[in-house]
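Please open the model in a viewer and keep the selection panel at hand.

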Amino acid sequence: MERWRGQEDIPSDWGRCVLTVGVFDGVHRGHAELIARAVKAGRERGVPTVLMTFDPHPMEVVFPGSHPAQLTTLTRRAELAEELGIDVFLVMPFTTDFMKLTPERYIHELLVERLHVVEVVVGENFTFGKKAAGNVDALRKAGERFGFAVEAMSLVTEHHQSETVTFSSTYIRSCVDAGDVVAAAEALGRPHRVEGVVVRGDGRGRVLGFPTANVAPPMYSAIPADGVYAAWFTVLGHGPITGSVVPGERYQAAVSVGTNPTFSGRTRTVEAFVLDSEADLYGQHVAVDFVARLRGQLKFDSIDDLVAAMGKDTDKARQILASA
């Protein structure tokens, strides 16, 4: 898969293509269906399929300070898009100038003149251009004029308990924020992942017999609600690592998210205790895939009570992950 950033990376001799457009944060099950349809259309037409996304998130430019929690990093989005068969991952810098493009200019200058689209596949609620004035109807009218097809796909929904849930990035963020990582995984099609670099903490876990990797995620990362979780832990880099952890292999972990109230902590952290393994992980780029919430964050009356609870958390995490 090729990766482009901005119009400047589009080759001057670029031919026709099928295009799908969106933020695609999370690359959830709804996104996956959209991408699959675009890839199928590209293969049927014998042309490459391009996924166009944006950086930073459009909300941060339109309403500064309103950047939503991020379900996937840009790199992770590209990896998932490639797994789904996308040929070109195009990141458009979402600037104030880009934000001001009218729907007409957006279509003519980008879709027609630069990308030479033969078909555009989007969600039925797709909007674009200045003040989101463009919609699927406008796109279809432009397609009739410039000679490209438009397919608008319905949103993916499922019936959960007593309500119908629409799989969207907003819905998944609400699940993660509430600590419901099981519901988030159902909508994503995989466990919710938090990536980050392992940094030095206060070292208290090692003293207590539970050495943890203190994971510092990127700004805006969607972090689950405070509590203890069963999770998979993976080192994404290539090492070298001193110890028994192998890059690329996933390991069972019990993960604490919160402020460590037993020690009157104030800083919110993500700390992973990797089961049955020991390694020097400082500086490593790692991923934590949240599988289940074991309990909420608690303040214990004594260190002994905390250690006993950590032992129970570890046993429960091991049990859950053994069948995950």
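Begin by selecting Phe 54, Phe 94, Phe 98, Tyr 106, Phe 126 and Phe 128, which form one aromatic cluster. Rings of Phe, Tyr and Trp (its six-membered ring) are paired here if their centres lie within 6.5 Å; planes under 30 degrees apart count as stacked, over 60 as edge-to-face and the rest as tilted.

The model is predicted: local features need pLDDT of at least 70, side-chain atom pairs count only at pLDDT 80 or more, and totals for chains, interfaces and linings use all residues. Residues are numbered from 1 along each chain as its sequence is written, and side-chain values use heavy atoms, with hydrogens and water left out.

**Aromatic pairs**

The count of aromatic pairs comes to 9. Select Tyr 229 and Phe 290 next: this pair is edge-to-face, with 5.2 Å centre to centre and 85 degrees between the planes. Tyr 229 belongs to strand E11 (residues 227–235) and Phe 290 to strand E16 (residues 285–295), so that the pair links parts of the chain 61 residues apart (helices, H or I with at least four residues, and strands, E with at least two, are DSSP runs numbered from the N terminus). Both Tyr 229 and Phe 290 are buried, that is, under 20% relative accessible area, where over 50% is exposed and in between is partly exposed (1.4 Å probe, protein chains only).

**Nonpolar cores**

A nonpolar core is a set of buried Ala, Val, Leu, Ile, Met, Phe, Trp, Tyr and Cys residues joined through side-chain atoms within 4.5 Å. Select Met 52, Leu 115, Leu 139 and Phe 148, the residues with the most contacts inside the largest core, which has 32 residues. Among the elements that each supply at least two residues of this core are strand E2 (17–21), strand E3 (49–55) and helix H6 (136–146). Helix H5 gives the largest share, 5 residues. Apart from this core lies another, of 24 residues, including Val 194, Phe 233, Val 245 and Leu 281.

Which residues are in contact with Leu 115, leaving aside its neighbours within four places in sequence? They are Trp 4, Ile 10, Trp 14, Gly 15, Cys 17, Leu 19, Met 52, Leu 90 and Leu 110, where contact means heavy atoms within 4.5 Å.

**Helix H3**

Colour helix H3 (residues 74–83); its buried residues are Arg 76, Arg 77, Ala 78, Leu 80 and Ala 81. Their cover includes strand E1 (2–5), E3, E4 and strand E9 (192–199). Just after H3, Gly 85 takes a positive phi of about 100 degrees.

On a 1 Å grid over the protein atoms alone, a cavity is a set of points where a 1.4 Å probe fits but cannot get out, and a pocket is an open set with protein on both sides within 12 Å along at least five of seven lines; lining residues have an atom within 4 Å of a point. Grid points are joined across faces, edges and corners, and a volume is the space filled by probe spheres set on the points.

There are 3 cavities of 30 Å³ or more. The largest holds about 90 Å³, and its lining includes Gln 70, Arg 76, His 192 and Glu 195. E9 contributes the largest share of that lining, 4 residues. The second largest cavity, of about 50 Å³, has Gly 26, Arg 76 and Arg 190 among its lining residues.

Finally, turn to the largest pocket, with about 1,100 Å³ of space. Of its 40 lining residues, Gly 22, Val 23, Asn 125, Phe 126 and Thr 127 are the closest to its centre. H1 supplies the largest share of the lining, 4 residues.
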